[in-house]
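Here is a friendly walk through a two-part story: how one chain is built, and how its pieces meet. Please have the model open as you read.

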Amino acid sequence: MKEIDARGLACPLPVLQTKVALQEESYKTLKVIIDNAASQQNVQRFLESRGFQTALEHVGSDYAVIGSCDSMTLEQSRPVPKPFSDARKIMVMCATDRIGFGDDVLGIKLMVNFLRTLKEMGDELWRLVFVNNGVKLTTDGSEVLEDLKVYESEGLKILVCGTCLDHFNILEKKQVGETTNMLDIVTAMQLADKVINI
Amino acid sequence: MDDPYWFGQIAAANALSDIYAMGGTPKTALNLVAFPARTMDMSILRQIIQGGIDKLRDAGVVLIGGHSIEDKEIKYGLSVTGFIHPERVLAKNSLRPGDRLVLTKPLGTGIVNTAIKAAMVSEQLSEKVTLLMATLNREAARIMADFNISACTDVTGFGLLGHLAEMISGSDCSARIVSGNVPVIPEAEEFAAMGLIPAGAYKNREFREHMITFAETVPRTIQDLLFDPQTSGGLLISVSNVHCADLVSALKAGGIADAAQIGDIIDSREERIRIV
């Protein structure tokens with residue numbers, strides 16, 4: 001294992017020394033000893049950007065960053081790792097508590113069915129947003145309240161329009177989701193890969 | 001910054017920035033110089049001072065004197081005096097809920113300067129960033145004076161979030177930043193991913209972390225840019241909701257191409273910053 005003593009050096013020198021060492025020889029494991037937290041994080045990031053897995057050890061008041069890689073991971077992860085996973089992000093926005101026009105009894109039944117079936121989207125279901133009459137689905141007495149709570153407990157982010165809750169005077173009755181505003185909704189739309197409006 | 005002439009220009013632009021952020025007009029300046037006169041060529045000092053003088057001339061400011069001392073390390077700054085009508089002084093923390101936040105220069109000069117020290121920056125990018133740092137905030141300040149502004153500050157060593165934290169401290173407001181809208185030097189994101197981040201960025205984060213929450217979708221490299229210490233950064237302006245789009249268009253029309261709406265101010269005594 002190659003060992004680099006970068007104590008007494010400030011950013012960016014520890015990163016540079018590590019870089020130079022890797023240019024000289026493609027070490028599979030190396031250990032960089034550093035005496036300040038900023039350089040420690042920087043060296044760790046540099047190694048990770050070059051496809052290394054890193055571990056951190058404390059040696060007295062110093063840090064030792066240990067990087068290791070096999071040639072397989074090196075080939076795969078040369079480019080900067082993507083911050084997001086590859087799964088698409090789908091945002092579903094419900095502006096009503098019933099689907100379609102015509103028969104309201106049917107419309108309400110369809111909405112319940114729709115929200116329960118949404119789970120078939122799996123991990124791609126990223127945000128569920130309720131606005132206008134839709135916010136009533138998140139309050140006491142909603143037929144899908146328990147289903148929404150299950151979604152939320154499984155990590156789905158549910159956003160409920162605060163202006164709408166306030167308008168219907170049901171702010172206190174909301175039982176699930178985060179109260180939100182138009183900026184959050186617009187931002188979510190911007191970040192989503194697909195937005196479905198109901 | 002290795003070029004003494006540009007070093008002087010940037011130092012002067014940085015020193016003038018405070019006056020612009022308050023809505024004032026700088027008028028006079030004093031040089032403050034530390035220089036190793038015994039060991040270093042005096043022509044370097046002359047070039048630094050010339051850079052400063054040229055930038056002051058751009059700004060219509062008169063150099064009226066200064067003070068110099070012998071020191072091991074070069075230091076150059078200026079003490080600037082300006083005028084403003086007492087009723088028009090723009091404070092940092094007189095924020096108004098519902099206002100929008102506008103930033104006039106892209107972030108990333110600290111990271112790019114670290115990468116320059118590591119000799120990993122192209123000449124082209126180095127020149128671009130030098131010009132960016134040497135650009136006065138005068139034009140941005142002149143344009144914003146026509147709009148309904150509640151508060152303003154200039155972004156320097158504490159990074160965008162450090163200076164925003166100063167704005168909301170002592171106000172009854174919180175702030176939200178839409179990270180995707182924040183202008184950044186594109187290459188700085190790559191350098192951040194490689195660990196070319198100045199120690200100051202980590203200190204800025206540590207100092208303000210308790211006030212700040214990041215949505216899980218905000219990439220780590222963008223977080224670093226938001227804490228990156230800036231040299232002669234842009235103005236961070238809090239403008240009324242109805243004027244925001246017009247202010248951004250006016251800034252762009254005035255040559256401030258990177259100006260962008262980056263977030264808003266909300267009514268909340270928690271004094272927190274949320275980044276989505």
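## About the model

This is a predicted model, in which local features need pLDDT of at least 70 and side-chain atom pairs count only at pLDDT 80 or more, while totals for chains, interfaces and linings use all residues. Residues are numbered from 1 along each chain as its sequence is written, and chains are lettered from A and ligands numbered from 1 in the order in which they are written.

## Chain B as a whole

Chain B has ten helices and ten strands; these are DSSP runs numbered from the N terminus, with H or I over at least four residues for helices and E over at least two for strands. Its radius of gyration, 19 Å, is close to the 19 Å that the globule rule gives for 276 residues, so chain B is as compact as a globular protein of that length. That radius is taken over C-alpha atoms, and the rule is 2.2 Å times the number of residues to the power 0.38. Along the principal axes, the C-alpha atoms of chain B fill a box of roughly 55 × 45 × 35 Å.

Of the 276 residues of chain B, 50% count as buried. Here, buried requires 20 or more other C-beta atoms within 10 Å of a residue's own, exposed 12 or fewer, and partly exposed lies in between, with C-beta atoms placed from the backbone. Among contacts in chain B with a separation of 6 or more, 91% join residues 24 or more positions apart; a contact means C-beta atoms, placed from the backbone, within 7 Å.

## Domains

For chain B, the domain assignment gives domain 1 (4-85) and domain 2 (90-275), with bounds that come from an automatic or database assignment. The centres of these two domains of chain B, taken over C-alpha atoms, are separated by 24 Å. In chain A, the assignment gives domain 1 (2-76) and domain 2 (90-197), and their C-alpha centres lie 47 Å apart.

Where domains 1 and 2 of chain B touch, 15 residues of domain 1 are in contact with 17 residues of domain 2. On the domain 1 side, α1 (4-21) and α2 (42-59) of chain B are the elements that give two or more residues, and α1(B) gives the most, with ten. This side divides into eight nonpolar, four polar and three charged residues; Ala, Val, Leu, Ile, Met, Phe, Trp, Tyr, Cys and Pro count as nonpolar, Asp, Glu, Lys and Arg as charged, and the others, Gly among them, as polar.

## Where chain B meets chain A

In this interface, 20 residues of chain B are in contact with 21 residues of chain A. The elements of chain B that give two or more residues to its side are α3, α7 and α8 (199-208). That side holds eleven nonpolar, four polar and five charged residues.

## The α3–α7 pair

Helices α3 (residues 109-117) and α7 (residues 186-193) of chain B pack at an angle of about 65°, with their axes 9 Å apart. From α3(B), the contact is made by Ile111(B), Val112(B) and Ala115(B), and from α7(B) by Glu187(B), Ala188(B), Phe191(B) and Ala192(B). Six of these residues are nonpolar, none is polar and one is charged. The axes are lines fitted to C-alpha atoms over the stretch in contact, and angles run from 0 to 180 degrees between N-to-C directions.

## A look at Ala29(B)

Ala29(B) sits in strand β1 (residues 25-35) of chain B and counts as buried, with 27 C-beta neighbours inside 10 Å. Leaving aside neighbours within four places in sequence, Ala29(B) is in contact with Leu56(B), Val61(B), Leu63(B), Leu78(B), Ser79(B) and Val80(B).

Conventions. Contact = placed C-beta atoms within 7 Å.
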